[in-house]
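Subject: Structure for you to look at

Hello,

Here is the structure I promised to pass on. Please open it first, then read my notes below with the model on your screen.

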Amino acid sequence: VQLQASGGGAVQAGGSLRLSCTISTRTHNTYNLAWFRQALGKEREFVVGATWSGDRTNTADSVKGRFTISRDVAKNLLYLQMNNVKPEDTSIYYCAVGRIASTAPYEYAYWGEGTLVTVSS
């Protein structure tokens with residue numbers, strides 16, 4: 001499984017940004033998908049996740065109502081739509097694939113390279 005995240009950049013507080021993650025076509029359809037983030041000096045934390053089919057999602061309380069996960073199946077893309085961003089959202093964002101729907105990073109075996117999001121006040 002190969003993943004590649006992109007779309008990060010600088011954005012002002014209150015703005016929006018959409019991250020993308022390309023997923024290799026060999027990914028099994030029983031896998032679960034997720035976005036994590038890691039701020040400087042902090043542990044990696046769960047942001048939002050979904051089943052491969054997209055019928056179930058899970059969102060961290062810190063971003064609930066602002067961030068949304070979605071997929072473009074035809075293009076093998078996973079998205080993270082970030083709205084009303086805050087300075088505390090500044091982090092490196094990672095897409096991940098795992099067999100278990102979990103908020104724990106160790107449950108995800110496959111990771112893309114991160115993409116940096118910087119939110120200014």
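Start with the aromatic rings. Phe36, Phe46, Tyr94, Tyr108 and Trp111 form one aromatic cluster. Keep in mind that this is a predicted model.

**The aromatic cluster**

The structure holds six aromatic pairs. Take Phe36 and Tyr108 as one of them. Their ring centres are 5.2 Å apart. Their planes meet at 70°, and planes over 60 degrees apart count as edge-to-face, so this pair is edge-to-face. Phe36 sits in strand E4 and Tyr108 in strand E10, so the pair ties together parts that are 72 residues apart in sequence.

Are these two residues buried or exposed? Phe36 has 0% relative accessibility and Tyr108 has 4%; buried means under 20%, so both count as buried.

Phe36 also pairs with Trp111. Here the centres are 5.0 Å apart, the planes are 55° apart, and the pair is tilted. This pair also links distant parts of the chain: Phe36 in strand E4 and Trp111 in strand E10 are 75 residues apart. Trp111 is partly exposed, at 26% relative accessible area.

Now find Arg44. It lies over the face of Tyr94, 3.8 Å from the ring centre. Arg44 also lies over the face of Trp111, at 4.7 Å from that ring centre.

**Strand E9 and its partners**

Next, look at strand E9, residues 91–98. Seven of its eight residues are buried. Which strands does E9 pair with?

- Strand E4 (residues 32–38) pairs with E9 in the antiparallel sense, over seven bridges. Arg37 has Tyr93 in E9 as its bridge partner.
- Strand E10 (residues 108–111) runs antiparallel to E9, with three bridges joining them. Val97 stands opposite Tyr110 in E10.
- Strand E11 (residues 115–120) is also antiparallel to E9, again with three bridges. Ser91 has Val117 in E11 as its bridge partner.

**The disulfide**

How many disulfides are there? A search of the whole structure finds one. It joins Cys21 to Cys95, with 2.1 Å from S to S. This link is right-handed, with 70° about the S-S bond. Cys21 is in strand E3 (residues 17–23) and Cys95 is in strand E9, so-called distant parts of the chain, 74 residues apart. Cys21 is buried at 1% relative accessibility. Cys95 is buried too, at 0%.

Best wishes

Terms used:
Residues numbered from 1 in each chain as written. Predicted model: local features only at pLDDT ≥ 70, side-chain atom pairs only at ≥ 80, totals over all residues. Heavy atoms only, no water. Buried < 20%, exposed > 50% of the residue type's maximum accessible area, 1.4 Å probe, protein only. Helix = DSSP H or I, 4+ residues; strand = E, 2+ residues; numbered from the N terminus. Pairing = 2+ DSSP bridges. Disulfide = S-S within 2.5 Å. Phe/Tyr/Trp six-rings, centres within 6.5 Å; stacked < 30°, edge-to-face > 60°. Lys NZ or Arg CZ within 6 Å of the ring centre and 35° of its normal.
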